[in-house]
Amino acid sequence: MTPMDAVTTASARTILICSGKGGVGKTTLTANLGVALARLGKTVAVLDADFGLRNLDLLLGLENRIIYTAQEVLAATCRLDQALVKHKQQPNLALLPAGNPRMLEWLTPEDMQTIAGLLAERSDYVLIDAPAGIEQGFKNAAGAAREAIVITTPEVSAVRDADRVIGLLATMDVKPVQLVLNRVRPKMMAIQEMLGVDDVTDILALPLLGLVQEDERVIVSTNRGEPLTLEDNPSPAGQAYLNIARRLCGEEIPLIDPSKQRQGLRARLINRLRKTTGLF
Amino acid sequence: MTVLDFINRLLGREKPSGTMARERLQLVLAHDRSDLNPELLEQMRREILAVVQRYVEIDIESCDVSLETEDRVTALLANLPIKRTREFPLPPDHDQPGVLGGEGKNVAADPAPRDQADGAEVAGNDDATLATEGPAAPQNPEKPQQVMPQ
């Protein structure tokens, strides 16, 4: 039995969260999705696979409670449940912290699969927060996942990098791969000064799992180490993350393109002119 | 968006930047996805032209071979205007430079395909791989013989 068999035979869904480009919201999505799924009654393990630049602990507010990491679990110097850090408010959610950055030197894809397999045995959902880039660290993380969520923003660099990652995932037999579009600015999209939702989904040819609007509350929640999805009445981005969790669980929640929903006078005027005159 | 930008947009002077972003992405991704470096693409292009040249005379100047992507499928689109057909195809081992003549240099010296901003457009409006210009009926037999290697 190979290490990956433990992942594939488990009933848990092992989902890679990746983007290619850094800073588009992988870790924020992992933290919020982890909390949201736990709130829906699922047992969730989040694995920080970004050994070089770990941050998932910080976004979940668990940085002071780490005793052991994935490194000790692999070396068998501690048990998995000793290393797992349970979330305070959501005990269904546990974090397996990334080890020392020096782990990158010796970690193999099999090691990653072993860890994912251990987590899959005891969870409904295993979320793997991938590192940015498409190098070995990413490949290790992707090799331990069965499906993936690619997160991107409506910017040329982020979309291009996402495309590279999607190409790599296709060769690694990770599927399904779904798309989350982050930092959506409806006003700019409505006047076509930003890549639109359709532009991105057409180019990347992936099913859309969620749209997250640009939201200042994300910064506040990161400062506090309290994911938005912990709130009972979450802000727009928090609600978007909750919807993503629900869709993952199979609920049908319509996706509304906010740039087409409520347009300002200027956008309406431009669109009207465009349609009637065919000017541009 | 400033008032000036707005006026420019209204008058159709300027494309919205989102549209530009999409167009630039589509072009760059076609090349990213093909995983062909420009050098290899150029080599392939030259060989394709050489093969086609064996059967028909093509207008090297206006030939366009480019990559285009839609729905994650990348296609190689070649738009090769035919001057005239050859009655007898040239042998496979014919002397390439001789056939291409002076025009052959043009093909080789073309800039990297990525720089052909109009590549997608040319390929887009012509779904066929071979476009004929004017009558493509067989011409007098002397013509092809002129380019035959000795």
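Modeller: Please bear in mind that the model is predicted. Chain A holds 15 helices and eight strands, and buried residues account for 55% of its 280 residues.

Biologist: Why is A:A98 called buried?

Modeller: The relative accessible area of A:A98 is 1%. Buried means under 20%, therefore A:A98 is buried. A:A98 sits in the loop between β4 (93–96) and α6 (103–106) of chain A.

Biologist: Which residues is A:A98 in contact with, leaving aside neighbours within four places in sequence?

Modeller: They are A:D48, A:D50, A:F51, A:R54 and A:T69. For A:R54, 44 residues away along the chain, the C-alpha separation from A:A98 is 6.3 Å.

Biologist: Why is B:V3 called exposed?

Modeller: B:V3 has a relative accessible area of 61%. The cut-off for exposed is over 50%, so B:V3 is exposed. B:V3 belongs to helix α1 (residues 3–10) of chain B, and together with B:I7 and B:L11 it makes a nonpolar surface patch of about 280 Å².

Biologist: How do you know that the span of α9(A) is close to the expected one?

Modeller: Helix α9 (residues 156–171) of chain A has 16 residues, and its first and last C-alpha atoms are 23 Å apart. At 1.5 Å a residue, 22 Å is expected, and the span is close to that. After α9(A) comes A:D173, with a positive phi near 65°.

Biologist: Which residues of α9(A) are buried, and what do they pack against?

Modeller: The buried residues are A:A158, A:V159, A:A162, A:D163, A:V165, A:I166 and A:L169. In chain A they pack against β1 (13–18), α8 (136–143), β6 (147–152), β7 (177–184) and α11 (197–204), and in chain B against α2 (17–34).

Biologist: Which residues touch the most other members of the largest nonpolar core?

Modeller: In this core of 59 residues, they are A:L16, A:L96, A:L119, A:I128, A:V150 and A:L169. Beyond four places in sequence, A:I128 touches residues including A:L16, A:L47, A:M112 and A:A141. A second, separate core has 38 residues, among them A:V24, A:I151, A:V212 and A:V218.

Technical notes:
Residues are numbered from 1 along each chain as its sequence is written. Chains are lettered from A and ligands numbered from 1 in the order in which they are written. This is a predicted model: local features need pLDDT of at least 70, side-chain atom pairs count only at pLDDT 80 or more; totals for chains, interfaces and linings use all residues. Side-chain values use heavy atoms; hydrogens and water are left out. Helices (H or I, at least four residues) and strands (E, at least two) are DSSP runs, numbered from the N terminus. The expected span of a helix is 1.5 Å times one less than its number of residues. Buried means under 20% relative accessible area, exposed over 50%, partly exposed in between (1.4 Å probe, protein chains only). Contact means heavy atoms within 4.5 Å. A nonpolar core is a set of buried Ala, Val, Leu, Ile, Met, Phe, Trp, Tyr and Cys residues joined through side-chain atoms within 4.5 Å. Patches are made of residues with over 30% relative accessible area and no salt bridge: like charges are joined within 9 Å, nonpolar side chains (Val, Leu, Ile, Met, Phe, Trp, Tyr) within 5 Å. Accessible areas come from the Shrake-Rupley method with a 1.4 Å probe; for residues, only the protein chains shown count as cover. A salt bridge is a side-chain nitrogen of Lys or Arg within 4 Å of a carboxyl oxygen of Asp or Glu.
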